[in-house]
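Hi,

My notes follow below it.

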Amino acid sequence: MNRPYIFCHMMTSLDGKIMGKYMETPESEAAGDVFYNISFGKNPYYKHQGWLSGRVTTDDNFTFYKKPELNEQAAPVPEGDFVAKQAPMYYVSVDPSGKLGWKDSTLTYIDTTAHVIEVLTEKASNAYKDFLRRLGISYIIAGAETLDYALAMEKLKELFGIETLMLGGGAALNWSFIQVGMCDEISVVIAPTANGSTKTQTLFMARDGLSDDTPIGFSLLEAKALDGGSVWLRYKVRPKEGA
């Protein structure tokens, strides 16, 4: 399969949460610096060309639940994908129906700037695709009603030259990529803090219609103790049984 090498890189609490009150602690701040430097610092371990997240994670961190400024009377846009530009770094958002209210074609995460690519399905409206074009945001179409993972990853490599891609949440998206065999490696920075919440996302979560709870095995590649009492674990994803 012609797709990028995909690694899932996340920070969690000691009890496996990827969000929540624990992120306000000094221990989490130190682990957050470790997490960033591994993937985005001045000399990162991973030399990737983009990172991918789901719609909710994107809204939580970048678009903040704003509504897209749509023109329902827009002329029909050309069929197929839209490559607005080539860039050294991309932020890829899986947004099947086209709901995110972007304001710009680039975003900045700490000191990393990236060009936005939207991954849509055929459910996305003409008005939404017109909205993205007006902003200069690239998009690809992958699937009719649901995401076609293989097609999306193939297009990211062929159209944008992404050889290595970071998978960065949320929990359901992480697990769905693993379940369909589209994740090669797991990288987890564990912060020495927890809050015991039962209402926040863990590292992986199955979602009805997207994935199931079939167990997946992992092989340990590396374990390191790093700054602030954090631990960095790397695992190779074993092929799903029967795959």
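Leaving aside neighbours within four places in sequence, which residues is Ala171 in contact with? They are Ile18, Gln201, Thr202, Leu203, Phe204 and Met205. Contact means heavy atoms within 4.5 Å.

Before the rest, the ground rules. This is a predicted model, where local features need pLDDT of at least 70, side-chain atom pairs count only at pLDDT 80 or more, and totals for chains, interfaces and linings use all residues. Residues are numbered from 1 along each chain as its sequence is written, and side-chain values use heavy atoms, with hydrogens and water left out.

More on Ala171. It sits in helix α5. Helices (H or I, at least four residues) and strands (E, at least two) are DSSP runs, numbered from the N terminus. Ala171 is buried, at a relative accessible area of 1%. Buried means under 20% relative accessible area, exposed over 50%, and partly exposed in between (1.4 Å probe, protein chains only). Thr112 is 59 residues from Ala171 along the chain, and their C-alpha atoms are separated by 23 Å.

Next, the cores. A nonpolar core is a set of buried Ala, Val, Leu, Ile, Met, Phe, Trp, Tyr and Cys residues joined through side-chain atoms within 4.5 Å. The largest has 34 residues. Leu52, Val92, Met153, Leu156 and Phe177 have the most contacts inside it. Elements that each supply at least two residues of this core include β1 (5-12), β3 (90-94), α4 (149-160) and α5 (171-179).

Not counting residues up to four places away in sequence, Leu52 touches a list of residues including Val92, Val94, Met153, Leu156, Leu173 and Phe177.

Now helix α2, residues 55-63. Thr57, Thr58, Asp59 and Thr63 are buried there. The buried residues of α2 pack against β2 (50-54) and β3. Just after α2, Phe64 takes a positive phi of about 55 degrees.

Last, the cysteines. Cys8 counts as buried, at 1% relative accessibility. Cys183 is buried too, with a relative accessible area of 5%.

Best wishes
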